[in-house]
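Please read it beside the sequence and the model.

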Amino acid sequence: MHCEGCENKIKKNIRFVKGTKKIETSVPNQTVTIVYDGRKTTYADYESAFKKIGYSVKKVKR
């Protein structure tokens, strides 16, 4: 993610993954933080969703 267009594409598509509660993006840091209901979806579901729109993901522990 390197511009507002990328940011909007991510927010627009990833919000449809079942169980998504919150999406926060940071273009300068190139990060996307997602809060989701683990009973409705998994990390693998997000990997697949990002791949469909041309991005890869890397899980970062906080």
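## Strands, helix and core

Strands β1 (residues 20-26) and β2 pair in the antiparallel sense over six bridges; strands (E, at least two residues) and helices (H or I, at least four) are DSSP runs numbered from the N terminus, and two strands pair if DSSP finds at least two bridges between them. The model is predicted, so local features need pLDDT of at least 70 and side-chain atom pairs count only at pLDDT 80 or more, while totals for chains, interfaces and linings use all residues. Residues are numbered from 1 along each chain as its sequence is written, and side-chain values use heavy atoms, with hydrogens and water left out.

The hairpin of β1 and β2 has four residues between the strands, and Gln30 there takes a positive phi near 55°. Thr20 has Tyr36, in β2, as its bridge partner.

Buried means under 20%, exposed over 50% and partly exposed in between, with a 1.4 Å probe and protein chains only.

| Residue | Relative accessible area | Class |
|---|---|---|
| Tyr36 | 30% | partly exposed |
| Tyr46 | 4% | buried |
| Ile23 | 18% | buried |
| Asp37 | 9% | buried |

Beyond its neighbours within four places in sequence, Tyr46 is in contact (heavy atoms within 4.5 Å) with residues including Ile14, Val17, Ile34 and Tyr36. In α2, the buried residues are Tyr46, Ala49 and Phe50. Viewed down the axis of α2, these fall within an arc of 95°, so they line one face of the helix; the arc is that of the directions from the helix axis to the C-beta atoms. An α-helix has 3.6 residues a turn, so residues three or four places apart point the same way. The cover over the buried residues of α2 includes α1, β1 and β2. On the face turned away from the buried side, α2 carries the exposed residues Lys51 and Lys52. Gly54, with a positive phi near 90°, follows α2.

The largest nonpolar core has 11 residues, among them Met1, Cys6, Ile23, Tyr46, Phe50 and Tyr55. Such a core is a set of buried Ala, Val, Leu, Ile, Met, Phe, Trp, Tyr and Cys residues joined through side-chain atoms within 4.5 Å. The elements that give two or more residues to this core are α1 (4-14) and α2.

Ile23 is found in strand β1. Leaving aside neighbours within four places in sequence, its contacts include Lys11, Ile14 and Val32. The C-alpha atoms of Ile23 and Ile53, 30 residues apart along the chain, are separated by 16 Å.

Asp37 is found in the loop between β2 and α2. Apart from neighbours within four places in sequence, Asp37 is in contact with Gly19 and Lys21.
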